[in-house]
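Take a moment to look over the fold before reading on. We will walk through one stretch of it, step by step.

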Amino acid sequence: TTEIYTLSLHDALPICSYYLRLKAIKGYEVLRRSSYGFNHFDFNLARPNLQDVRVRRALSLAIDRDTIRQKISHGLGTIQDGIISPASPFFDPAIKTSPFDPKKANQLLDQAGWTRGADGIRSKEGQKLSIEFVSNSGSPDTDQTIELIRGWWKDIGVLLDRHNYDPTMLFALEENGGIIYSGKFDVVIFAWFLAPSGDLSNIYGCREFPPKGQNSLHWCDPKANDAMDAFKETYDFSRQKKYNAIVQEAIAAQYPTYVISIPEDLYAYNIDLKGFHPNAVTAFDDFMNVDI
């Protein structure tokens, strides 16, 4: 009997903790494969305090993604700034990975006019730099991640005000009072899983603000939007890849989204199974290339 167990990090974040246990089981192989997803947080650019790219960049640079990867994800996942997985043919290797750099984060906030008070918290025109950070309930990994971020942001003079919601409320449509699509946040953390087509317009297009679409960030870059439109007007892969790179690089430069990691799926199977090549796109096993 051949057994295959598929563990997708996007199905249950604590699954990372099973990796070492799986590797210790005799008679089984464990594959790690990058998925088409990206764990990230989004900035709500409709909020005045986040319209300055220096603030968004500072908050991003003050997050130690490697510590999150080691302490919470058990060494799984790929750290990068691009939103598209290395498993995708649309992956853009030109996008550099930014480091954990609290010194630079402090400099950027100084430049943006946010000054520290006696309590160490930054303020501007009498308003403290407090970030309304929303997330889903029921995920210990998310809880730990946010507490780490809270400490790093405090070190650069920023308060993190967390609001926790049931996932059904967090992701509900705007007309149903959904938190994300109603814009009731400064920063939200979750994961997107992209289709293999490479089209990014439903998330980042200028015409996709809720309730018309899923651009809850309210990010609109005319050049990137033109590239997304052009992408959908051709089937030529080389042209699509060029247009897609314009979008990815604009996102990486302007920080409407900051990638925490590209998650990995784990596949555990007994060693007599030959030729198993799991599909990076789907959460289910690809049996087209399996020889039993």
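A search of the whole structure turns up 1 disulfide. Keep in mind that this is a predicted model. The disulfide joins C206 to C220, with 2.0 Å from S to S. The link of C206 and C220 is right-handed, with 100° about the S-S bond. What does the pair tie together? Both C206 and C220 lie in the loop between α7 and α8, so the bond ties together parts that are 14 residues apart in sequence.

Now compare the two ends of the bond. C206 has 17% relative accessibility. Buried means under 20%, so C206 counts as buried. C220 has a relative accessible area of 42%, so it is partly exposed.

Next comes helix α8, residues 222–231. Which of its residues are buried? They are A224, N225, A227, M228, A230 and F231. Look at what covers them. The cover includes α7, residues 201–204, and α9, residues 237–254.

Move on to α9. This helix has 18 residues. From its first C-alpha to its last it reaches 26 Å. That is close to the 26 Å expected at 1.5 Å a residue. Its buried residues are Q240, Y243, N244, A245, V247, Q248, A250, I251 and A252. What do they pack against?

Y255 follows α9, and its phi is positive, near 60°.

How values were computed. Residues numbered from 1 in each chain as written. Predicted model: local features only at pLDDT ≥ 70, side-chain atom pairs only at ≥ 80, totals over all residues. Heavy atoms only, no water. Buried < 20%, exposed > 50% of the residue type's maximum accessible area, 1.4 Å probe, protein only. Helix = DSSP H or I, 4+ residues; strand = E, 2+ residues; numbered from the N terminus. Contact = heavy atoms within 4.5 Å. Disulfide = S-S within 2.5 Å. Expected span 1.5 Å × (residues − 1).
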